[in-house]
Amino acid sequence: MDPLATISGLATGIDFRDLVNQIIEAESSRLEPLRLSITESQEEVAAWEEVRGLLQALQDATTALEDGSGLDAFTTEILGLSPSLLRATASADAATGRHTVRVLQEAQREQLGSGLFASRSTALGVSGQFILGGRVVDVFAGDSLQDIAGGINTLNIGSDPTGVSATVTGSDGAYRLVLSATETGSAGIDVLDLSGVLGSLGLLDGTTTAKNRTSGGFQTDGFADTTTAVGTLLGFPGVTPSGTVTLGAGASSFTVALDLSTMSLEGVRDAINAAASGAGASMFASIVTDTSGGETTYRLDITGTPAATDDGAVLQSMGLLEGGRSAVSQVVQGDVLTTDAGGTPATAATRLTNLFNGGSDAGAQVGDTLTFQGTDHNGNAFALTHTIQGGDTLQTLITRLDGAEGFNGSATVEISATGQLTATSATAGASLLSLEVFAGNEGGGILDLGDMVVTDAGRDREISAGQDALVEIDGSLVTSASNEISDVVQGVTFSVLGADPSSPLEVVVGRDTEVGVASVQAFIDAYNAFSQFVGNGIDDLSENRPPLAGDSILRGVRSRITFALQSALPTAAATSFTRLSDLGVEITRDGVFTLDASTLQDALAQDAAGVERLFSAFGVGSSSAVSFLAAGSASAGTYDINVTQLGSSAVVTSVGFGGTYVDDGTADTLTIVDDETGTQYDIQLSNGMSLTDIIDAVNAELGAGQSQEITSEFTMYSNPPANAVADASTPLEDLRDGPGPDAGFVAGTEFTISGTTAEGTAVLETFSVTDPATETFGTLQAAVQSAFGAGTSVSIVNGQLVVEDTSVGESQLSVSIGSDVPGNPAPFGQMLVTQQGRAASSVVAEATGPELTIRDDGAGAGGGFTLSFSAGGGDGTGSLGLSAGAFVGSDVEGTINGEAATGVGNVLTADAGTSVEGLSVGIGGVNTGAIGSVTVGSGILTDVTDQLEELLRFGDGQIDGIIKRLDASVDRVEDRLEDREARLEDRRQRLIAQFVALEQAVARAQSIQEQLASQLATLPGGN
């Protein structure tokens, strides 16, 4: 371009750039209506989004009233001197009332502790077997404490856990194996020592006591029947207890050979009675029936002195005896003292002046001193000095140490058979008992009673006893294995937090009228906010009028809702209240609803069900054969029900079952798949099982729901020196997952916590370490708990993170924990599913005469179950008389008011497109044909709910449709505006080009003129 053209109007004197801008601006003003249209549409969209929010709040408040969740709330109050002993919570199905409660005993889990060992990882040289929770634990000579704990924990997972976990605790060369029951309750830890392993480990004391004492003797545990071999009922794989036991005491005792691999409960009874009769003993055995919780078991009851000596763990296997768990007293002991160079052990009668040390005369002299310092079991210190007198013996020292200036009866002092001064605590259990002896040897001797070392550490084998919660509720004694009691008072769960029989409590359950008032007030507030929005600017005719002022759709919605709220309930509802005004809800002249809270509180106190009926749709069946479930689109009225086919359950019954399952020694497996959930249940069928045995086994497996449980792969330890299992108090900087270096958690370390909740909602949170010295494993546990929320329980168990769904049933819970520590991206290993969540099945087993029947408790073609069999050794499944295959039920068929309906199970629902679409009724009874009718009525919020659903429905709701149309309009106008603006820009460039060409032409003309003028000036006479 010519340089002259870069300066607008240099040649022509015309500012053509400004002129072009004015031209374009004038033409651009013609596009202002398009811009204004876009702005107005966008403001309308924003206004409709605001309407959506207001109506969503109204819908939420409406739903809480219509479904009753905002009204069915109850409070609990604990009255008494010690309210902290108990917590009570009430659900929506509770009832108001007062309950007197005394907490007599808190449930706790049993814990057993072994003796002390120098190492957690060194082979113990102990081998044998023991039974834990019905499972065999094998211990080998090369196993360490940690190996044994690992073996125990391996058996505590899967579908048949032992209910016992193990860990190794301690430090500095004093380690012990600790067994902990998974659940609280008096059942405690079911443990049976088959070969002395538990005695060698110090978990049991080698004695036995009667396990199930009675007023006249003792009993066995309960068994499923009396004719099957006891060993089969016990189910110990590879273990068949047998031996010759002794029953009774003194001259009336006798022996009897028992082989549980062949003897049934009846056989054991007969063998005992025959042996007692032959020995002339008065002991007598019989079988008694025990029915509890709908389950019948059988016990062998022995009348007579409950004394017995076991052999081969026979009596312990049956539950007549159990291994002793007595506490151990602390023992401290000095060096060996002798009376001569030959090593004859000293006795209490040995003179002090005659003592030898290490084969040499100690040379103790009259006048020499001995100083004793020590502490008793509780740590109370003492000190005494003894000056040797002529004739003093070791008994002289014992007497002073036993007396008031020494242990004062808190310990027993003696000289052992090996000549050692020994002090034993009079109280068993963890102890501070200690003793030191200092010989003065003022006469030049070498007397030394030695360092008094702990030879037996005081400890409790039973760290805590398993016990049930014992609570008296309204005069009835309630026993519960857990501290949660929810099956005594309907809708109320009691949580035992402590115990004090002398402190009765009163639990007051009341209706939480404040929640009901708040719910109604929330509805009123939501309606008033929407109404105010609709009315805002309706009379404003200025240019600042709100976008939706006077909108006919919104005014129509408000009018319909207002009309519904002022309507009356039909008399068919038969309630105490027919209008909102009966609850204290009134409308002012300005169209604003108000609430008199006291009137509503009185109404809730008077008739809460009537208040709920005012808000909700209702229906009433004409007979017990018809029950109302849902109104659907049916308007108020009465509708006839006609049934052509009743719903039925999936069912199969055996044919020709002989009463006893016939097989070899290896159990077969019956697999039942609940087709509704897809969950598989496996039942073991063993030789000799009776019909009752099989029914019990099937129902026990089908009825066992499980919650999903996820456990970290690695066990975390405390550092240094990685010999104690980490717990919640372990600082993050001390965590390690084994004997290697620590986990590397420092300030700034970031953990990534991810996965899915039980419902499948994605979880992704981070936790950054601020101070690894003060933040602990428990801090990280709390971060994981926060990430997954209240539906999940996060704990630290034996050094592992455990994340559990708090609800029983199928679960999508998954967990992953990573870190940004270099080289350690998964410091806790994989998070493994250690228990799969599953619900209890609706399939049950029962007897039909002598045959086995398996049926689905629910009716319908959508449920049912599939049976299959797998043989263990030989195949005994043919003796059961059941065929493998899929079994389904049928759905109810019929019509509602003569219109088509679809049945699912025993529920009949009117089809889509009919005049009563969605009307749903439950069908009972045994008759088909015209079985009755259902009368449907509407609560005052039913129409409100329908309108809000129509407005807010996602995708095709009315508001979504309006917003989509507005957005589409904005897009079209924006496209037009963009096209027009592009054209204007083209015109600008063309005008500029034209003016530039003009400028260049003028510049050239001026240049020629100047050249001509110059030439003319040089011509003669040019002046």
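1. The note begins with a single residue of a model that is predicted. N528 has a relative accessible area of 16% and is therefore buried, since the limit for that class is under 20%. The residue belongs to helix 9, which covers residues 513-535. When its neighbours within four places in sequence are set aside, N528 is in contact with G591, V592 and F593.

2. The next point concerns a pair of helices. Two packed helices are described by the angle between their axes and the distance between the axes. For helix 10 (residues 552-565) and helix 14 (residues 942-952), the axes come within 9 Å and cross at roughly 160 degrees. The two helices are therefore roughly antiparallel to each other, the threshold for this being an angle over 145 degrees. The crossing of helix 10 past helix 14 is left-handed.

3. Which residues of helix 10 and helix 14 make the contact? Helix 10 contributes V557, R560, I561, A564 and L565, while helix 14 contributes V944, Q947, L948 and L951. Sorted by class, the contact of helix 10 with helix 14 has seven nonpolar residues, one polar residue and one charged residue.

4. Aromatic rings form a further topic. A pair of aromatic rings is described by the distance of the centres and the angle of the planes. With ring centres required to lie within 6.5 Å, the count comes to eight aromatic pairs. One of them joins F382 and F407: the ring centres are 4.8 Å apart and the planes stand at 70 degrees, so this pair is edge-to-face.

5. Where do F382 and F407 lie? F382 is in strand 23 (residues 381-387), and F407 is in the loop between helix 8 (394-402) and strand 24 (411-415), so the pair ties together parts that are 25 residues apart in sequence. F382 is buried, its relative accessible area being 11%. F407 also counts as buried, at 2% relative accessibility.

6. The rings of F745 and F751 make a pair whose centres are 4.8 Å apart and whose planes are at 70 degrees, so the pair is edge-to-face. F745 is buried, with a relative accessible area of 3%, and F751 counts as buried at 0% relative accessibility.

Note on methods
Residues numbered from 1 in each chain as written. Predicted model: local features only at pLDDT ≥ 70, side-chain atom pairs only at ≥ 80, totals over all residues. Heavy atoms only, no water. Axes fitted to C-alpha atoms, helices over the stretch in contact; angles between N-to-C directions. Helix = DSSP H or I, 4+ residues; strand = E, 2+ residues; numbered from the N terminus. Parallel < 35°, antiparallel > 145°, perpendicular 65-115°, else oblique. Left-handed = near helix turned anticlockwise from the far one by under 90°. Contact = heavy atoms within 4.5 Å. Nonpolar A, V, L, I, M, F, W, Y, C, P; charged D, E, K, R; others polar. Phe/Tyr/Trp six-rings, centres within 6.5 Å; stacked < 30°, edge-to-face > 60°. Buried < 20%, exposed > 50% of the residue type's maximum accessible area, 1.4 Å probe, protein only.
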